[in-house]
Structures are given as structure tokens and as C-alpha cells.
Amino acid sequence: MTPIILIPARLASTRLPNKMLKEINGLPLISQVVKRALEADIGPVHVACDSPEIQEVVTKAGARGVLTDPGLPSGSDRIFKALQEVDPQKKFDTIINVQGDLPNISSKIIKASLDPLKEERFDVATLGVEIHSQEDLMNPNIVKIALAHRENGRHEALYFSRAPIPTGAGPHYHHIGLYTYRRPALERFVELPPSPLEVQEKLEQLRVLENDMRIGVALVDEVPLSIDTAEDLNKARKIMA
């Protein structure tokens, strides 16, 4: 595999305006994410951004900022447009999509997302962590994965939902929204229309499953904090102080 890390980042945010530029521990949020991606040391780091303000910040952080159309519908579309610009020769065959609002994501987690793609049967890889809280299990903002377990640790996603799946006693898994694509899978994904289950659950990864692509899942032991609200921002500042 020849990986490249792409981070989608947009200035507009409904719940926390300009969140990519909010300061955490002396650096803007997006700079913290760039720093974690560079620490992984597995390939070049680029940020697919929608504004010159973000582009300037990520350049100072040591990554390349690629301006993309603010009207693009999703982060996946944004990173694909950036990929076409930075790598038209298709040198990179594995694209790691690190979300731009995960300031304390560890380099270990980023590296772990490559492991499932060591098996040719998987088109996309992502991450999960076991849920130990009933509150988290019932929280619709925490996406759950139904897994087919494999002895080699490269599990397969059967379904994603905001509901607590599967029912009954046994382990449940929290989905961490980091995706690693084989390049043909990303190219196919952005050309497909939103799928019925994707629209119903509001989870774009279901478009992958509904179109007969397979998602491998590596289980990790930590959940990076996602910044969506001012409360999340304050929590991150305390954690990373």
C-alpha cells in the first residue's frame, strides 16, 4: 500500500461556527489534527479545505491545504477533489480520510486503519471500540457497528446504525468515523447516489454496504473526542492542557 492522508475541513459549522480555527492548547483545532496525522508518519498529509483561512493555518502546521468547492456535499467528495489535484498520476493507492474535528486522535489509531486492507476482500477499512456504557449504547449520536468477528482481528462490518445493534446480550461496538479507502473504492463511492439506508440512517458508510462493497474493521481501545459543540471544545481543552 502507498497511503496518503487527506483531512476534510470546512469553515462553516452549524453547531460551532468556525470550529476548525478554534484554539485548543495553543493551536487551532485543524492544526492539532494535522499534527496527529504527521506523527503517524505513513504518508503525505493534505487538507481539503473550503476557505483561504483554513488553507493558511494548515500550511503553517506543515501540511498542504487544497482549496475545494464549498458547495461539495460531503467530506468524502472534498477529499476526492483534493486527491485529483495533488495526485493526478495516481501514485497513491490508499486514501486515509481523517476527520478534521478529532484533535486528540492518536497516530496509533490512524495506523490501525490500514490493517484490514491487508486482506484483498475489503474495499474500505474503519475502526471500532467496544462500548461499556448503557448510556453510550442508547445514545443515537454514537454510531454502532454490527460485526462479523474474525480470528485474525480484521472484522467485517455488517451494518451501521444509530440504534443499539445487535439486540440481546453480548458486546456492542462504537464506530470511529475514520475511513481508509482503496482508491477505486473511493472513486466509485463518490460517483454513486445516496442510498436509501444512508438517507434513512443519515450514515454515508451505508452507501458502501448497499453497493456490495465490503468494510473491514480494526478494533482499538480508545475513542478520540469529536468536536461538535462548545461543550466538546471545552472538554478537549481540559484533556489536552
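**Reading burial, helix packing and salt bridges**

Q: Is Arg 15 buried or exposed?
A: Buried means under 20% relative accessible area, exposed over 50%, and partly exposed in between (1.4 Å probe, protein chains only). Arg 15 has 58% relative accessibility and therefore counts as exposed. This is a predicted model: local features need pLDDT of at least 70, side-chain atom pairs count only at pLDDT 80 or more, and totals for chains, interfaces and linings use all residues. Residues are numbered from 1 along each chain as its sequence is written, and side-chain values use heavy atoms, with hydrogens and water left out.

Q: With which residue does Asp 228 form a salt bridge?
A: A salt bridge is a side-chain nitrogen of Lys or Arg within 4 Å of a carboxyl oxygen of Asp or Glu. Asp 228 forms one with Arg 15, their closest N and O atoms lying 3.9 Å apart. The two residues are 213 residues apart in the chain. Asp 228 is partly exposed, with a relative accessible area of 22%.

Q: Which salt bridge does Asp 87 form?
A: Asp 87 pairs with Arg 183, and their closest N and O atoms are 2.6 Å apart. Asp 87 is buried at a relative accessible area of 2%, and Arg 183 is buried at 7%. Arg 183 also forms a salt bridge with Glu 187, with closest N and O atoms 3.6 Å apart.

Q: How many salt bridges does the structure hold?
A: The structure holds 19 salt bridges.

How values were computed. Helix = DSSP H or I, 4+ residues; strand = E, 2+ residues; numbered from the N terminus.
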